[in-house]
Amino acid sequence: MALAPTCALVNVESASPALSDPKMNKMKRWIVKGALIASAVWGLSAAHALTMDEARGIATGDSDARVQALAKAVAQGDEKTAVYLQALSDDVVKISKAQVIIARDGQGTDPVTGQSVPVPDDAEDVMLNNRLRGELDTALAALKLFSPDVKVRRLAALSLLKEPDASRAPLLNKALAAEQDDTVKSLVRQARAAALLGSSVPNDRLLAAQELAASQQPETLLLLNQRLAEEQDPSVKKQIQTSLATVQESLRWGERLGTLFTGASLGSILLLVALGLAITYGLMGVINMAHGELMMIGAYATYVVQAAFRQYLPGAFDWYLLAAVPLAFITSALVGAVMERTVLKHLYGRPLETLLATWGISLVLMQGVRSLFGAQNVGVENPAWMSGALQLLPNLQLPWNRVLIIVFAAAVLIGMSLMIGKTRLGLFVRGVTQNRPMASCMGVNTARIDTYAFALGSGIAGLAGCALSQVGNVGPDLGQSYIVDSFMVVVLGGVGQLAGTVYAALGLGLVNKLLEGWTGAVLAKICVLVFIIIFIQKRPQGIFAMKGRSAEA
C-alpha cells in the first residue's frame with residue numbers, strides 16, 4: 001500500500017490529463033503539479049496515521065512481534081510515528097491497561113492524537129532490551145530520510161546502508177521519490193539495493209548486486225561477501241563477484257592515501273621529537289638521554305594548563321591549547337637550561353660521561369613526575385576544534401588532531417630554520433658548532449650560547465610533548481617510546497643538518513607504515529633498524545654531511 005502514493009509522486013503528469021493540456025501555461029502547470037504532490041503526501045499520512053493498537057504492539061509483547069510492529073510502523077513513515085519512536089528511545093513511554101502515554105516532565109501526551117492526557121497511577125514503564133533498542137535506532141534513522149536537512153538525510157541513508165532490512169524497501173522507495181539531492185539519492189538507492197540483496201527473488205538480488213557495484217562504501221564489501229557465501233544462483237553469484245571487484249578497486253585509492261597520511265602523521269611526530277635533539281646532539285654533540293623526559297615535561301605542562309582552564313576558565317576550555325603551547329616550551333626550556341648549567345657544562349667533549357649523566361637525570365625526572373602526578377597515565381582532552389575527522393573519501397577519514405599536528409610540525413620547522421639561519425643567536429650557534437675556538441676568539445660567549453642552544457632544543461622537545469598529548473595518554477614513560485627513534489632520525493639525516501632531519505623523519509614514518517601493511521609492526525621496526533645500520537655503515541655522515549672546518553678535519 002505504501003507504493004501507491006509513491007507512484008503518484010513519480011507519475012504526477014500521467015495521473016492528471018490537465019497537465020498535458022497544451023493550452024495551460026507554465027505557471028498554472030506548476031500550481032496543479034504542486035497541488036497533486038501535496039495531496040499525495042497528505043493521503044499517505046492520513047492513510048497510515050499511527051493507531052493506538054500499533055503503538056501498543058510496539059510497546060508490549062515478545063521481541064519478535066514488537067520488531068514486526070515496529071517495521072510496519074516505520075514503513076508508514078508519518079510524523080506521529082517518529083515522535084512516538086523517539087519517546088520510546090528516550091524511555092519516556094508508559095503503558096496502562098487502557099492506553100499508551102508519552103510522559104515527559106510529569107505531563108502525559110497521547111501519541112495518536114497528540115493531546116494532553118493524565119498519567120494513570122497504574123501506568124508502567126515500557127521495557128526495551130538491546131535488540132529492540134538497536135531496531136529503534138535504525139528505525140529512527142529511516143524516518144530521518146525525510147528531514148529537511150540534507151546532512152541528516154545523508155547520515156540516515158548511510159545508517160540504513162549499514163543495517164539493511166527488506167521490510168524498509170517501501171519506505172526507501174518513498175524517500176527516493178521525494179529526494180532532490182543527487183548524493184543522498186544515490187545513497188538511498190544503494191540502501192534499497194542492500195535491502196533487496198536478501199530477497200527471495202533471484203532477479204531482485206541480481207539487480208541489487210548491479211546497483212551496489214557503484215557503491216564506494218566499505219560496508220558494501222561486507223554485505224556482498226556475506227551474500228556471496230550464501231548465494232546459490234550462478235548468474236547472481238557471478239554478478240556479486242563482479243561487484244565485489246569493482247567496489248574493492250574503488251576503495252583501493254582510499255586505502256593507499258590513508259597509508260600515506262598515517263606515515264606522514266608518524267613522520268611529523270618523529271620530526272617534532274627529533275628537531276630538539278638535532279640541536280642538543282646534532283649541533284652541540286651532547287648525547288642527551290633525558291630528551292624524552294623533556295618531552296614528558298611539556299606534555300604534563302599541557303595537562304596542568306588543561307586542569308587550570310577546566311577549574312577557573314571553563315567557558316574558554318576549547319582555547320586552553322593556545323596557552324599550553326608557550327608554557328610547555330618555557331617549562332622544558334627552563335629545565336634544560338638548569339641541566340646544562342649544573343651538569344652538562346662540565347662534561348663537554350666527554351660523550352660517555354654525558355650519556356650516563358643525562359640517563360641518571362632522566363630517571364630523576366621520571367620519579368619526580370610520579371611523585372607529583374602519580375604513576376598512572378593522565379588524559380588530555382582535545383579541544384572541540386581538534387575533534388572529529390575530515391571525510392575525503394568513503395573509506396578515508398583524516399583525524400583533525402593529526403592533521404593539525406602535521407601543520408604544527410611544519411610551523412615549528414619553519415620557525416626553527418628561520419631562527420638558525422637568519423638571527424644573531426643562530427649565527428652564534430652555527431659559529432660555535434663549526435669552530436668553537438675561533439668563535440671564542442671572535443668574542444662569542446660560547447658558554448652562554450651553549451646554554452641558549454640547549455634550552456632551545458629542550459623547549460622544542462616540550463612542544464613535541466604538547467603535540468603528543470593530543471594523540472595519546474600522558475604518563476611518566478612517555479618519552480621512552482620515542483627516544484631511540486629520534487636518535488635514529490638525527491643520525492640518519494646527518495648530524496647537525498635540519499634538512500636531513502626532515503627527510504629522515506618523514507622517510508622513516510612512511511617506510512615504517514608501508515612495511516607494517518606487509519610484515520606487521522614488529523618486523524617493520526626490525527627492517528627499518530637493519531636498513532639504518534646498513535646505511536650508516538656505507539655513509540657514516542648520514543644523508544647530508546655537515547659543512548665546516550670541524551667536519552673537514
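A polar contact is a pair of N or O atoms within 3.5 Å; between residues adjacent in sequence, such a pair counts only if both atoms belong to side chains. The views below come from a predicted model.

**View 1. Serine 469 and its polar contact.**
The side chains of serine 469 and glutamine 470 are joined by a polar contact of 3.3 Å. Serine 469 sits in the loop between α20 (446-468) and α21 (483-493). Is serine 469 buried or exposed? Its relative accessibility is 1%, so serine 469 counts as buried. Neighbours within four places in sequence are set aside for the next list. Beyond them, serine 469 touches Ala299, Thr302, Val380 and Val474.

**View 2. The chain as a whole.**
The chain holds 24 helices and seven strands. It has 553 residues, and 44% of them are buried. Now take the contacts in the chain with a separation of 6 or more. Of these, 70% are between residues 24 or more positions apart.

**View 3. Helix α4 against helix α6.**
Helix α4 covers residues 52-59, and helix α6 covers residues 79-89. The two pack at an angle of about 25 degrees. Their axes are 12 Å apart. Because of that angle, α4 is roughly parallel to α6; angles under 35 degrees count as such. The crossing of α4 past α6 is right-handed. Which residues make the contact? From α4 come Ala55, Ile58 and Ala59. From α6 come Tyr84, Leu85 and Leu88. The residues of this contact between α4 and α6 comprise six nonpolar, no polar and no charged.

Aspartate 91 lies in the loop between α6 and β1. Its phi is near 60 degrees, a positive value in a residue other than glycine. Most residues other than glycine have a negative phi. The relative accessible area of aspartate 91 is 45%, so aspartate 91 is partly exposed.

**View 4. Serine 96, between two strands.**
Serine 96 occupies the loop between β1 (93-95) and β2 (100-104). With a relative accessible area of 7%, serine 96 is buried; the cut-off for buried is under 20%. What does serine 96 contact, leaving aside its neighbours within four places in sequence? The partners are Arg56, Pro120, Asp122 and Ala123.

**View 5. Helix α18 across helix α20.**
Helix α18 (residues 424-434) packs with α20 at an angle of about 110 degrees. The axes of α18 and α20 are 10 Å apart. The two helices are therefore roughly perpendicular to each other; the range for that term is 65 to 115 degrees. On the α18 side, the contact is made by Leu425, Phe428, Val429 and Val432. On the α20 side, Thr446, Ile449, Asp450, Tyr452 and Ala453 take part. The residues of the contact of α18 with α20 comprise seven nonpolar, one polar and one charged.

**View 6. Leucine 529 in helix α23.**
Leucine 529 is part of helix α23, which spans residues 521-538. How accessible is this leucine? Leucine 529 has 42% relative accessibility, so leucine 529 counts as partly exposed. Leucine 508 is 21 residues from leucine 529 along the chain. The C-alpha atoms of leucine 529 and leucine 508 are 9.9 Å apart.

Conventions. Residues are numbered from 1 along each chain as its sequence is written. This is a predicted model: local features need pLDDT of at least 70, side-chain atom pairs count only at pLDDT 80 or more; totals for chains, interfaces and linings use all residues. Side-chain values use heavy atoms; hydrogens and water are left out. Axes are lines fitted to C-alpha atoms, for helices over the stretch in contact, and angles run from 0 to 180 degrees between N-to-C directions. Helices (H or I, at least four residues) and strands (E, at least two) are DSSP runs, numbered from the N terminus. Angles under 35 degrees count as roughly parallel, over 145 as roughly antiparallel, 65 to 115 as roughly perpendicular and the rest as oblique. A crossing is left-handed if the near helix is turned anticlockwise from the far one by less than a right angle, and right-handed if clockwise. Contact means heavy atoms within 4.5 Å. Ala, Val, Leu, Ile, Met, Phe, Trp, Tyr, Cys and Pro count as nonpolar, Asp, Glu, Lys and Arg as charged, and the others, Gly among them, as polar. Buried means under 20% relative accessible area, exposed over 50%, partly exposed in between (1.4 Å probe, protein chains only). A polar contact is a pair of N or O atoms within 3.5 Å; within protein, one must be able to donate a hydrogen and the other to accept it, and residues adjacent in sequence count only if both atoms are side-chain atoms.
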